[in-house]
Amino acid sequence: EGVLEITLPSSIDCSDLVRERKDSPPKLRLAVMFGKDCITTDFVTPTRSRGGKLMYEFGGKFCFPTPANVPASGSKEGTIQIALQEKGIKGGKKREDKGIHESPLFCPLRCAFRVLMCPIKYILCLPCTLVGCVLCTTVDATLATANVTAAAAGASTNIACSRHFPMAGAISNEKRTARVKRTLMHVVESAAFKSRRHASVEVNLSWTPPKELVKPAMRQMSPIAVLPKNTAYVISVKHHKKKHVTYDITDGCELLANEGMDKMLKFTKTNYEEDPIGPRTRSALDAPPVSRVIAIFGINEPTEIGAVYRRRCLLVEDDHKVEKMHTLDPSARLVSGKGGLTLKGGVLLETEKGAGKSGDGTVPFASMNHCRTWANDGCKVKVVELQGADHREILADSNFHQTVLKH
């Protein structure tokens, strides 16, 4: 997946959107939608400029996962929409926008005025007019209560939004950055995009394709958490709904680079990769400097050997704060269940079915079984496998105790 980053270079003037309000200016939050994904900020309080304008400032960087290439113009997956939201429900916002002169509380005064102006007409309609005033007041009170309750529960509604616009209209595989200007139209009114009330917003778009997320210097490092070369597993994953989604097998080094963990990778390279003893290469793979090894470990417990990730939508408010860029992908499914693998909730487990043996619930079988290769270096290796012995519980296993005493 690539990454689409959206930022706002300036504040938004919302004076026109809330000019009809009776109460103090509301707290608003910004919602940015890309396809079906949505990211929202916290609710912020406006500040007044020298000219008396109500300015709302929304910081941070909105990060969305994208396909490997820029979506086509007609694709719904590649459309962007920006909205301003307020706590409460839409009906409550309509009530607040009526203004004090349109409040149903003044219906009796209007009715009295009309009766005096046209006695014959309104005397005949007086009962219906009074009933209507009572109903309007009841509805108004109900909406006010519902609005307060919904706001307290965390519900929100759009008060203004832009039209959907395609990412491909501003970004391409060659042009990676752009600045676009959009109009946010007041949508509480019945005619959503014909409202006279509006606000303008400028957004910066920046797209990074997946191949450029990993820096060349990181590719030269030894892989971290890599699939064994001679594995018997056949790993093929698909999305359970979207046929165009594909999955690639990668290692921990690339995942950490995509997470922006440059300092950790640099530390690993300096203190481990460049260490002449080779803690991640030679000394991690070759036989230890002893003549005899007895390896005792448990087998055939469901053991995690990997995971399926997708990029997550997130708002990065501080570049110096570590944010989790990936999350487990529960939509991933194994193409076939062969090889003793299961995939649930994005976690890939090995079991004793199919391939033969699995790990001890913590360490994969391939890692524990690597000690057998030391026999090729002149080291005498004896392996004792304990059926169903857990990684930690093995210390309290009587079979383990007997095996230790025996040798």
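The structure is a predicted model, in which local features need pLDDT of at least 70 and side-chain atom pairs count only at pLDDT 80 or more, while totals for chains, interfaces and linings use all residues. Residues are numbered from 1 along each chain as its sequence is written, and side-chain values use heavy atoms, with hydrogens and water left out. The secondary structure of the protein chain comprises nine helices and 22 strands, where helices (H or I, at least four residues) and strands (E, at least two) are DSSP runs numbered from the N terminus.

**Whole chain**

- Of the 407 residues in the protein chain, 34% are buried, a term that means under 20% relative accessible area, with exposed set at over 50% and partly exposed in between (1.4 Å probe, protein chains only).
- The protein chain exposes about 24400 Å², of which carbon and sulfur atoms supply 55%; accessible areas come from the Shrake-Rupley method with a 1.4 Å probe, and for residues only the protein chains shown count as cover.
- Among contacts (heavy atoms within 4.5 Å) between residues at least 6 apart in sequence, 72% join residues that are at least 24 apart.

**Strand pairing**

- Strand β1 (residues 2-7) runs antiparallel to strand β7 (residues 61-66), to which five bridges join it; two strands are said to pair if DSSP finds at least two bridges between them.
- Strand β1 also pairs in the antiparallel sense with strand β12 (residues 198-208), again over five bridges.
- Valine 3 has proline 65 as its bridge partner in β7, and valine 3 stands opposite threonine 208 in β12.
- An open antiparallel sheet of three strands has the order β2-β6-β5, and because β2 (12-13) and β5 (47-48) stand at its edges with a single partner strand each, one side of each is left without a neighbour in the sheet.
- Within that sheet, β5 and β6 are joined antiparallel by two bridges, and arginine 48 has leucine 54 of β6 as its bridge partner.
- Another open antiparallel sheet of three strands has the order β15-β21-β20; here β15 (303-307) and β20 (341-344) are the edge strands, each with a single partner strand, so one side of each lacks a neighbour in the sheet.
- Four bridges join β15 to the antiparallel strand β21 (residues 347-350), and threonine 303 has glutamate 350 as its bridge partner in β21.

**Nonpolar cores**

- The largest nonpolar core holds 36 residues, and Leu4, Ile6, Ile12, Leu30, Phe62, Leu84 and Leu205 touch the most other members; such a core is a set of buried Ala, Val, Leu, Ile, Met, Phe, Trp, Tyr and Cys residues joined through side-chain atoms within 4.5 Å.
- The largest share of this core, five residues, comes from β12.
- A second, separate core has ten residues, including Val293, Phe297, Phe365 and Cys379.

**Aromatic pairs**

- Three aromatic pairs are found in the whole structure, where rings of Phe, Tyr and Trp (its six-membered ring) pair if their centres lie within 6.5 Å, and planes under 30 degrees apart count as stacked, over 60 as edge-to-face and the rest as tilted.
- Phenylalanine 34 and phenylalanine 64 form a tilted pair, at 5.8 Å centre to centre and 50 degrees between the planes; phenylalanine 34 lies in strand β3 and phenylalanine 64 in strand β7, so the pair ties together parts that are 30 residues apart in sequence.
- Phenylalanine 34 is buried at a relative accessible area of 3%, and phenylalanine 64 is buried at 1%.
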